[in-house]
Amino acid sequence: MTEEIGVGMVGHAFMGAVHSHAWRSVHRFFDVPLTPRLAALGGRDAVRAKEAADKYGWAAVETDWRALVARDDVQLVDVCTPGDTHAEIALAALAAGKHVLCEKPLANSVAEAEEMAAAASAAAERGVRSMVAFNYRRVPALALARRLVAEGRIGDVRHVRAVYLQDWLSDPESPMTWRLRREKAGSGALGDLGAHIVDAAQFVTGGLITGVSATTETFVEERPDGAGGRDQVTVDDAAVFLARFDSGALGTFEATRFALGRKNAMRLEVNGSRGSLAFDFESMNELSVFSADDGPESGFRRVLVTEADHPYVGAWWPPGHLLGYEHTFTHEVADLLTAISEGVDPAPSFADGLRVQRVLAAVEDSAGHESAWTTIGDTR
Ligand code: SOE
């Protein structure tokens, strides 16, 4: 076994469960230079936190995240809480010299994200690393797509077409959750789902978004509060926007929780001057590839991205034995542990998270000004 690194994770809902799985399994499949020790789990309710710790394999429980950050056996803090606490936990952890993995979107505002990115870059001078958890970068098919674009296989990127469609809010009687409160979540489908496709589009194409024209909508403005009353929804249910990239490409983006029948349809299509790539997370082991060079028999080819030489796949099963959602998080922590050990900054960095945050803010700004074209400063 390699040297151990103590991990403390704050939050134990959906993201806490999938991150726990990654921390538990990463060193059993990847030759990572550090072996995670699941030192402590943080949650405000002692009983629920203890239940989660037992279920997911954490050695101890802290009901105050500050105590978790301060623990001597914690060298890395994993932030799996709602967005309103990302900044304060991550900043405290970096100040204490702890590496940080922070769920997306990085923060609830550009100001918070700027502070976090500045702290992360100062901490990196001291060898303290940080990463924002845009896990879809670690889908083998999307990592392969990036590689193909970088190798020039589809030529110059002209179009980026990205959607992230879910349907869990379609029912107007579906109850209120923290995700529908601006003060907790920052924004709605935009920050939760739109952030993923903004990051994925920039990751795959290597271009950065420089401006947007957007509109957002809240279809259901009040929802059951769980106590017989109604509660106000203060975020968007859907966001749609046009974008320009610094590469010259045009983008269209749509994020919604109202696309009935679409459960987790995170889709990305890229059209270049020599070919196209298309991906749909609901068939996450596949990448569709079109090459104009194929001549008369050209057409979209379905590439099953399960070969040992495809990104990340060599650590897993034989070809055709499919991977799932949870693997993307295992890949994420494998990359983070490697970067920590090698003393390099992992990607996506907090600076990358800040760039996404600026796009989200520009979308809201544009939507609030009748879709006026809104530029994003300081992109590179
Ligand atoms: C929302 O439903 C959600 O859980 C996102 O918060 C995650 O980031 C995404 O991976 C799946 O959907």
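In this predicted model, an oxygen atom of the ligand sits 2.9 Å from an N or O atom in the side chain of Q166, a polar contact being a pair of N or O atoms within 3.5 Å. K104 also puts a polar side-chain atom 2.9 Å from a ligand oxygen, and for H196 the corresponding distance is 2.7 Å. On its own the ligand has 300 Å² of accessible area, and the protein covers 90% of that (Shrake-Rupley method, 1.4 Å probe). Residues near the ligand, with a heavy atom within 4 Å of it, include F14, Y136, W168, R179 and D192.

Residues are numbered from 1 along each chain as its sequence is written. Local features need pLDDT of at least 70 and side-chain atom pairs count only at pLDDT 80 or more, while totals for chains, interfaces and linings use all residues; side-chain values use heavy atoms, leaving out hydrogens and water.

As for the nonpolar cores (buried Ala, Val, Leu, Ile, Met, Phe, Trp, Tyr and Cys residues joined through side-chain atoms within 4.5 Å), the largest has 78 residues, and F253, L287 and F350 touch the most other members. Helix α8 (residues 189-205) gives the most to this core, 10 residues; helices here are DSSP runs of H or I, at least four residues. Beyond four places in sequence, F253 touches I197, V198 and A201, among others (contact: heavy atoms within 4.5 Å).

R138 lies in the loop between β6 (130-132) and α6 (140-150), strands being E runs of at least two residues. R138 counts as buried because its relative accessibility is 5%, under the 20% cut-off (1.4 Å probe, protein chains only). Its contacts beyond four places in sequence include Y312, E332 and D335.

Key. Buried means under 20% relative accessible area, exposed over 50%, partly exposed in between (1.4 Å probe, protein chains only). A polar contact is a pair of N or O atoms within 3.5 Å; within protein, one must be able to donate a hydrogen and the other to accept it, and residues adjacent in sequence count only if both atoms are side-chain atoms.
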